[in-house]
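Subject: Structure handover

Hello,

Here is the structure you asked to take over. Notes on what was found in it follow below.

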Amino acid sequence: MRLLIVEDDERIADALLEDLTDQHHTVDVVYDGRDGWDYAATGCYDLILLDLMLPQMDGIELCQRLRRAGDQTPILMLTARDTISDRVLGLDAGADDYLVKPFHLQELAARVRALLRRGDLSTPPILCWAELRLDPSCCEVTYRQQPIELSPKEYSLLEFFLRHSRQVFSRGQLLERLWAFDNMPDESTVKVHVQSLRQKLSAAGAPKDLIETVYGLGYRLKQLENA
């Protein structure tokens, strides 16, 4: 999933970036509210982690501006301020959840997973396609209960297709959703990763065309016959 971190403390931002990247999320990081607005307005994010106290534009104002603009991306607000009034202010501004610093990364990861599920109520905690299983809580992929070792980007691609099982995505759209802005390759990279993912799934016994090509349009998850 694609996440945006808006946090002016570089130490905290780096720790969040490392932890969330290890969970196979695609993460962009900015350090002030104005850049947060620019990234949120131009990117397509599944979740925003937003510090309350920011230079240029604070987290409350940024959250309010996003909501007024019709942006309903889930927002997890991060702050060292722990009074009831501060929490109410953040939630009333449009935040979906509120986490007080210092926090454990394990708790943050659980809240991130919960908010991502909340964003699509039709998506179960464990993503399935026939006998294929992907568990976001431990980043484990299995087919017929046997583990499949995937690279971080292969995992991200598979999770994305499972979460958007009826949609077709072009290579350009996959780049925008699964690669960070500061590390954006050309579209041929998507083809290479899709081919590698197909090979690993096929080697585990899954259908070769589980990720199928829709010619002239892009890729999608093959629909189950009884779906």
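A cavity here is a set of grid points where a 1.4 Å probe fits but cannot get out. The model is a predicted one. Counting cavities of 30 Å³ or more gives 1, and the largest cavity holds about 60 Å³ of space.

The lining of the largest cavity is made up of Gln23, His25, Arg113, Leu116, Pro136, Cys139, Tyr155, Glu159 and Arg163. By type, these residues divide into 4 nonpolar, 2 polar and 3 charged. Two helices, α5 (105-119) and α6 (152-163), each supply at least two residues of the lining. The largest share comes from α6, with 3 residues.

The other item is helix α1, residues 10-22. The buried residues of α1 are Ile12, Ala13, Leu16, Asp19 and Leu20. Seen down the axis of α1, these buried residues fall within an arc of 135°, so they line one face of the helix. The face turned away from that buried side carries Glu10, Arg11, Glu18 and Asp22, which are exposed.

At the N-terminal end, α1 is capped by Asp9: a side-chain oxygen of Asp9 lies 3.0 Å from the backbone nitrogen of Arg11. After α1 comes His24, which has a positive phi, near 70°.

Regards

Definitions and conventions: Residues are numbered from 1 along each chain as its sequence is written. This is a predicted model: local features need pLDDT of at least 70, side-chain atom pairs count only at pLDDT 80 or more; totals for chains, interfaces and linings use all residues. Side-chain values use heavy atoms; hydrogens and water are left out. On a 1 Å grid over the protein atoms alone, a cavity is a set of points where a 1.4 Å probe fits but cannot get out, and a pocket is an open set with protein on both sides within 12 Å along at least five of seven lines; lining residues have an atom within 4 Å of a point. Grid points are joined across faces, edges and corners, and a volume is the space filled by probe spheres set on the points. Helices (H or I, at least four residues) and strands (E, at least two) are DSSP runs, numbered from the N terminus. Ala, Val, Leu, Ile, Met, Phe, Trp, Tyr, Cys and Pro count as nonpolar, Asp, Glu, Lys and Arg as charged, and the others, Gly among them, as polar. Buried means under 20% relative accessible area, exposed over 50%, partly exposed in between (1.4 Å probe, protein chains only). The arc is that of the directions from the helix axis to the C-beta atoms. A polar contact is a pair of N or O atoms within 3.5 Å; within protein, one must be able to donate a hydrogen and the other to accept it, and residues adjacent in sequence count only if both atoms are side-chain atoms.
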